Amino acid sequence: MQVARDICDERLELLIAAGIELDLRMIQRLADLEIADVYIHEPGTDDIIPRDDVVSDKTRRKTHKLLQRTFGDLTSLADMSEFANEDVVTILQYDDRFANAVSVSHFHEVVHSTVDDLFVRHEDIFETPVVKRYLDRKYEHALNTSVLAIMLGRAFHYPPEKLVVLGTSSMLHDVGKLIFPKLTSKHYRDLTSEERRRLRLHPAAGAAILSRGGGNTALEQATIRQHHEQQDGRGYPLGLMGDNLPPVESRAPRHREIIRYAEILAVANAFDNLINGDLVVEPMSPVKAMETLVRGAGTLYNRAVVSEALRIINVYPVGSIVEIRIGDQLFETGARGVVRRGNHQYLNRPEILVLWDRRGQRCAPRVLDLNQHPGVEIELV
Ligand SMILES: [Fe+2]
Ligand SMILES: [Fe+2]
């Protein structure tokens, strides 16, 4: 087994370079480091290039460093899990320790680079990553949510400066959780109802932390405060409503309506939580995650944002392995292959290079264009 792409550690330092033949000792070492997914070179697939690099390595490294420093500082500042709910936000607003705990201008800068990368690369399809980039979920969640939110914002024709506000809010939307390390280290089902209530303070806590970071960040604060609001008014903290219309700038929210940025962020946040898992849900496949989003459209999430997500998120990323769940006369059920090319018109009907038969034996490569085989159904392995 030959490594097809560089394998990096937590700090994006190189562990194993592309081209190296993996042996058992290396596999054991990767397992010890909890690195579960890597790209493997498969003969005959040289023209299949995974595209999970919408953000350049340079931007990624810069963002990762900033996240690590900021999140690390915040976590070490105070564990406020034990404080009374009404005290937490007041402390965040007035205690000197939290002055400039988050440098919003630095975040604007890295998000600006992300927006530039997306424009330079003309990316309008969000590839769900085949291989995780970071081992620390906090950083991965911040970056993934931000990239997806920016891409959704772009699909609604937001100009770059608005995308920076949206991307920054998305990158920092959960900073309010960092002051409750005792709570976030537990599984949600093990939390008492009092602890759950405290955790629900995180949108307000995050907004309060941002208010200490200097500059005018009113929009970012509002977006963070409202990222758990729902269209049906059953979200928190305020129970605001949504109108399920496209979140375009020209339609300013009415009284007690959710701010547009927060409606986009809610969908990006949910999708990343569904595919990678969070305190509440176990990770699921991008296809199932998308089905879950669609089920929640109109009540939990803005319907127009979910439709756009359906249009721009590729749930069968190029380079991932799929199995034929229902075959036809030409392609047998149980055979496996690699996603060769996305179908930008119908993202759930990609082109597959079938490489293994249903017994798992390597067979002569054959191209299966799902567009031409309407009866064939696939699933990610
Ligand atoms: Fe959150
Ligand atoms: Fe989140």
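Predicted model: local features only at pLDDT ≥ 70, side-chain atom pairs only at ≥ 80, totals over all residues.
Figure 1. The centres of domain 2 and domain 3, taken over C-alpha atoms, are separated by 35 Å. The assignment divides the chain into domain 1 (2–41), domain 2 (57–314) and domain 3 (321–380). Where domain 2 meets domain 3, 4 residues of the former are in contact with 4 residues of the latter. On the domain 2 side of this contact, 2 residues are nonpolar, 2 are polar and none is charged.

**Figure 2. Overall dimensions and fold of the chain.** The C-alpha trace spans about 65 × 50 × 45 Å along its principal axes. A compact globule of 381 residues would have a radius of gyration near 21 Å, and the 22 Å of the chain agrees with this. The secondary structure amounts to 13 helices and 11 strands. Buried residues account for 39% of the 381 residues. Of the contacts between residues at least 6 apart in sequence, 65% join residues at least 24 apart.

**Figure 3. The largest nonpolar core.** This core holds 84 residues, and the members touching the most others are Leu152, Ile264, Val267, Phe271 and Leu293. Helix H11 (residues 260–276) supplies the largest share, with 11 residues. Domain 2 (57–314) and domain 3 (321–380) each contribute at least three residues to the core. Leaving aside residues up to four places away in sequence, Leu152 touches Ile264, Val267, Ala268, Val305, Glu308, Ala309 and Ile312.

**Figure 4. Helix H6 and its packing partners.** Helix H6 (residues 160–171) contains 12 residues. From first to last C-alpha, H6 reaches 16 Å, close to the 16 Å expected at 1.5 Å a residue. Its buried residues are Leu163, Val164, Leu166, Gly167, Thr168, Ser169, Ser170 and Met171. The buried residues of H6 pack against helix H4 (104–120), helix H5 (137–155), helix H10 (218–225) and H11.

**Figure 5. Helix H10 and its surroundings.** In H10, the buried residues are Glu220, Gln221, Thr223, Ile224 and Arg225. These buried residues pack against H4, H6, helix H9 (202–211) and H11. The packing of H6 likewise involves H4 and H11, together with H10 itself.

**Figure 6. Arg358 in the loop between strands S9 and S10.** Although Arg358 and Gly334 are 24 residues apart along the chain, their C-alpha atoms are separated by 4.4 Å. Not counting residues up to four places away in sequence, Arg358 touches Glu332, Thr333, Gly334 and Ala335.

**Figure 7. Met1 in the segment before strand S1.** Strand S1 comprises residues 2–3, and Met1 precedes this strand. Because 13 other C-beta atoms lie within 10 Å, Met1 is partly exposed. The C-alpha atoms of Met1 and Ile40 are separated by 6.5 Å, while the two residues stand 39 residues apart along the chain. When residues up to four places away in sequence are not counted, Met1 touches Leu22 and Ile40.

Methods:
Residues numbered from 1 in each chain as written. Chains lettered and ligands numbered in written order. Helix = DSSP H or I, 4+ residues; strand = E, 2+ residues; numbered from the N terminus. Rg over C-alpha atoms; globule rule 2.2 N^0.38 Å. Buried ≥ 20, exposed ≤ 12 C-beta atoms within 10 Å, placed from the backbone. Contact = placed C-beta atoms within 7 Å. Core = buried A, V, L, I, M, F, W, Y, C linked by C-beta atoms within 7 Å. Domains from an automatic or database assignment. Expected span 1.5 Å × (residues − 1). Nonpolar A, V, L, I, M, F, W, Y, C, P; charged D, E, K, R; others polar.
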